There are 2 protein chains.
Amino acid sequence: MRRLATRTVLFHQAAAQSLGLFPTDLKSADLLNELGPLTAGELSEKTGLSSGAVTALIDRLEKAGYAKREKDPKDKRRVIIVPLTAGKSQVKELFRSLSTSTKELTNEYKPEELDLIIQFITEAADIMEQEMQLFKSKS
Amino acid sequence: MRRLATRTVLFHQAAAQSLGLFPTDLKSADLLNELGPLTAGELSEKTGLSSGAVTALIDRLEKAGYAKREKDPKDKRRVIIVPLTAGKSQVKELFRSLSTSTKELTNEYKPEELDLIIQFITEAADIMEQEMQLFKSKS
């Protein structure tokens, strides 16, 4: 798990660098894609970044065209951050080869084996998220 | 896998930040711990960072006390980067809770299930490393 984590961080560093972004910027944009539009406060909670850091992050994402600030159509007093990465061919291209290789890897396993692996990875992701929250509450 | 990757990047960002380091710095130090002393050239190859970026990285690691430059005892003309993180209680403390939670997670699985999961995760880490190298050769 530690070996995978090291390679994950380094891969995303290289990928983000090639787009002129910080690794956190790229993954925050990814988080927006996964969860849908969030307020700055929600993004701060999910990323573990301070509210000042989140403001700077949203500025960078807006400037690079990966997200934009919009008034929440359900509540005009709220500002939400809307992801724009889904349509970005540059980002898709970046992860295409990784995505293909990962799919090829999963093809080598039986459905019941994949169920087990997906369960483990989902639980590991939950742990990582809980740990980040714990960590944030300590600092 | 993507969800785990996002949480991994964000967790390491928060962890590195609390130590006054960039996420790549922390993982590069971790890579040194895993692989043993490397030259700057080898570190550049393994991390996917340019040689200029690696020089700056080693400067930061030295300054923070996570690594030091030394003459290779086997070849005095070579300079190797020696990891010092293993003894750093601050770094251990940072990952202790994550490590405990991950161990608890693995205890829920049977040995043969863990063999399968470890195999998959090892292969996924190999893919991530290959993709980073591919990526580096393109940029």
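This is a predicted model: local features need pLDDT of at least 70, side-chain atom pairs count only at pLDDT 80 or more; totals for chains, interfaces and linings use all residues.
User: Where in chain A does A:T8 sit, and why is A:T8 called buried?

Analyst: A:T8 lies in helix α1, which covers residues 2-18 of chain A. Its relative accessible area is 3%. Buried means under 20%, so A:T8 counts as buried.

User: Which residues of chain B does A:T8 touch?

Analyst: A:T8 touches B:A5, B:T8, B:V9 and B:M128.

User: Why is B:R78 called partly exposed?

Analyst: The relative accessibility of B:R78 is 33%. Under 20% would be buried and over 50% would be exposed. You can find B:R78 in strand β3, residues 75-83 of chain B.

User: How far apart are B:R78 and B:T39 in sequence and in space?

Analyst: They are 39 residues apart in sequence, and their C-alpha atoms are 7.5 Å apart in space. B:R78 also touches B:T39. Other residues touched by B:R78 include B:E42, B:E70 and B:D72.

User: What makes the pair A:D30 and B:R2 a salt bridge?

Analyst: The closest N and O atoms of A:D30 and B:R2 are 2.7 Å apart. The rule asks for a side-chain nitrogen of Lys or Arg within 4 Å of a carboxyl oxygen of Asp or Glu. Here Arg and Asp are the partners and 2.7 Å is within 4 Å, so the pair qualifies. Across the interface of chain A and chain B, the rule finds 12 salt bridges. There are also 22 residue pairs in polar contact across this interface.

User: Which helices of chain A supply the side that touches chain B?

Analyst: Helices α1, α2, α3, α5 and α6 each supply at least two residues. The most comes from α6 of chain A, with 18 residues. By type, that side of chain A divides into 26 nonpolar, 15 polar and 13 charged residues.

User: How many residues take part in the contact, and how much area is buried?

Analyst: Chain A gives 54 residues and chain B gives 54 residues. Between them the chains bury about 5,700 Å², with 71% of this on carbon and sulfur atoms.

User: How do you know that the copies meet through the same surface?

Analyst: Of the interface residues of chain A, 100% are also interface residues in chain B, so the copies meet through the same surface.

User: What is chain A built from, and how much of chain A counts as buried?

Analyst: Chain A has 6 helices and 3 strands. Along the sequence they follow the pattern α-α-β-α-α-β-β-α-α. The C-alpha trace of chain A spans about 50 × 35 × 30 Å along its principal axes. Of the 139 residues of chain A, 47% count as buried.

Key: Residues are numbered from 1 along each chain as its sequence is written. Chains are lettered from A and ligands numbered from 1 in the order in which they are written. Side-chain values use heavy atoms; hydrogens and water are left out. Contact means heavy atoms within 4.5 Å. Helices (H or I, at least four residues) and strands (E, at least two) are DSSP runs, numbered from the N terminus. Buried means under 20% relative accessible area, exposed over 50%, partly exposed in between (1.4 Å probe, protein chains only). Buried area is the accessible area (1.4 Å probe) that two parts lose on being put together, summed over both. A polar contact is a pair of N or O atoms within 3.5 Å; within protein, one must be able to donate a hydrogen and the other to accept it, and residues adjacent in sequence count only if both atoms are side-chain atoms. Ala, Val, Leu, Ile, Met, Phe, Trp, Tyr, Cys and Pro count as nonpolar, Asp, Glu, Lys and Arg as charged, and the others, Gly among them, as polar. Lists of a residue's contacts leave out its neighbours within four places in sequence.
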